[in-house]
Amino acid sequence: MKAVARIPRTGLPPPLASSFPLQKSYNPVFVHILLLSDIHSNLEALDACLAAAPAHDLVVNLGDTVGYGANPNEVIARAQALGRIFVRGNHDRAVTGLMDLDDFNPAAGLATLWTRDQLTPANLDWLRSLPQGPIHLDELPGIQFVHGSALDEDEYIVSAHDAIAPLIANPVPVTFFGHTHLQGGFMLQGKIDEAYRPVYRTVGQSESSDWPLRKDKDCRYLINPGSVGQPRDGDWRAAFAMFDSEAWIVTFYRVPYNLRLAQEKILVANLPRRLATRLATGR
Ligand code: ZN
């Protein structure tokens, strides 16, 4: 584990008193969970992730299936075929009109209007019906799924400091989140709050990186699988994660994909040029 931030907590509520009954042994139905987030209509990136993903029992989609990229209908079809566990994202809401575009920058706003225009009525209805997080599954006690945070679906948890309030407020050991497009996570143990970023050896190969979690009732985690379709952590490769709910190991992945094709489609669609160029730098 590589800690990149260590922030002593002062003047904060007393140490965690988890109300979650941590069972020593149970028989989970879903052992290997594939976590996808922020696909953003990038079909090439999604296909590369699905090709690289190991066998899994469940797929969880943490939101923002659409927005920015050029293949919203195709990506929705893939996402629907993968399973039924979804959390809605802000772009999913904006495209359907459930949220106004005031908080969107011009490129995001234009992409939202373009996407709305492209989507079939059935896909617009489907996006509108996606549930707000947090999502809990009976089969996975102690785990929840959100887009931004469990306190606010639109919150950006970027730093260890941002993570403190949601980690303290929620008596849930593991929260998977998205929204920031930054792969990694945060751990709170007693008074120690740490940020975690997976370490990779290359910038262009398929790679994975394990983060073993502590099954300790004093530990809470916020974990972001990264963005499939528009990474912003300086790594252009598509990102996803697997969670082994028995061994409590998160495995982060980065996979190269057909970047040029995804960029070309954005340009051909007359979407803002920046949405194509940013994919190359992962910013
Ligand atoms: Zn997003």
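Which residues of β10 are buried on one side, and which on the other? I started my notebook with that strand. C219, Y221 and I223 are buried on one side of β10. R220, L222 and N224 are buried on the other, so both faces are covered. The strand runs over residues 219-224, and six of its six residues are buried.

**Entry: the model itself**

I am working from a predicted model. I looked up the confidence before going further. The average pLDDT of the protein is 91. A score of at least 70 is reached by 90% of the residues.

**Entry: overall form**

I found eight helices and twelve strands in the protein. The C-alpha trace spans about 55 × 40 × 40 Å along its principal axes. I then checked the radius of gyration, which is 18 Å. A compact globule of 283 residues would have a value near 19 Å, so the protein agrees with that form. Of the 283 residues, 46% count as buried. Residues 24 or more positions apart account for 74% of them.

**Entry: partners of β10**

I went back to β10 to list its bridges. Strand β6, residues 174-176, is joined to β10 by three bridges, and the two run parallel. Strand β7, residues 184-189, is joined to β10 by six bridges, and here the two run antiparallel. What is the bridge partner of T175 in β10? I found L222. L222 is also the bridge partner of F186.

**Entry: the six-stranded sheet**

I traced an open sheet of six strands next. Their order is β4-β3-β2-β11-β12-β9, with mixed pairing. Which strands stand at the edges? They are β4 (85-86) and β9 (207-212). Each has a single partner strand, so one side of each is left without a neighbour in the sheet. Inside the order, I looked at β2 and β11. Four bridges pair β2 with β11 (residues 238-244) in the antiparallel sense. L34 stands opposite M242 in β11.

**Entry: V31**

I looked up V31, which sits in the loop between β1 (3-6) and β2. I listed its contacts, leaving aside neighbours within four places in sequence. V31 is in contact with D57, D244, S245 and E246. I also took the distance to A247, which is 216 residues from V31 in sequence. From C-alpha to C-alpha, the two are 8.7 Å apart.

**Entry: helix α2**

I turned to α2, residues 72-82. P72, V75 and I76 are buried in this helix. They cover an arc of only 100 degrees around the axis, so they lie on the same side of α2. What do the buried residues of α2 pack against? I found α1, α4 (106-118) and α5. Just after α2, G83 takes a positive phi of about 155 degrees.

**Entry: backbone exceptions**

I kept the backbone for the end. Most residues other than glycine have a negative phi, and most peptide bonds are trans.

- H40 has phi near 50 degrees. H40 lies in the loop between β2 (32-36) and α1 (43-52). I count H40 as buried because there are 27 C-beta neighbours inside 10 Å.
- N270 has phi near 65 degrees. N270 is in the loop between α7 (259-268) and α8 (273-281). N270 is exposed, because 10 other C-beta atoms lie within 10 Å.
- G133 and P134 are joined by a cis peptide bond, with omega about 0 degrees. P134 is in the loop between α5 (121-128) and β5 (143-145).

How values were computed: Residues numbered from 1 in each chain as written. Predicted model: local features only at pLDDT ≥ 70, side-chain atom pairs only at ≥ 80, totals over all residues. pLDDT = per-residue confidence, 0-100. Buried ≥ 20, exposed ≤ 12 C-beta atoms within 10 Å, placed from the backbone. Pairing = 2+ DSSP bridges. Contact = placed C-beta atoms within 7 Å. Arc of directions from axis to C-beta. Rg over C-alpha atoms; globule rule 2.2 N^0.38 Å.
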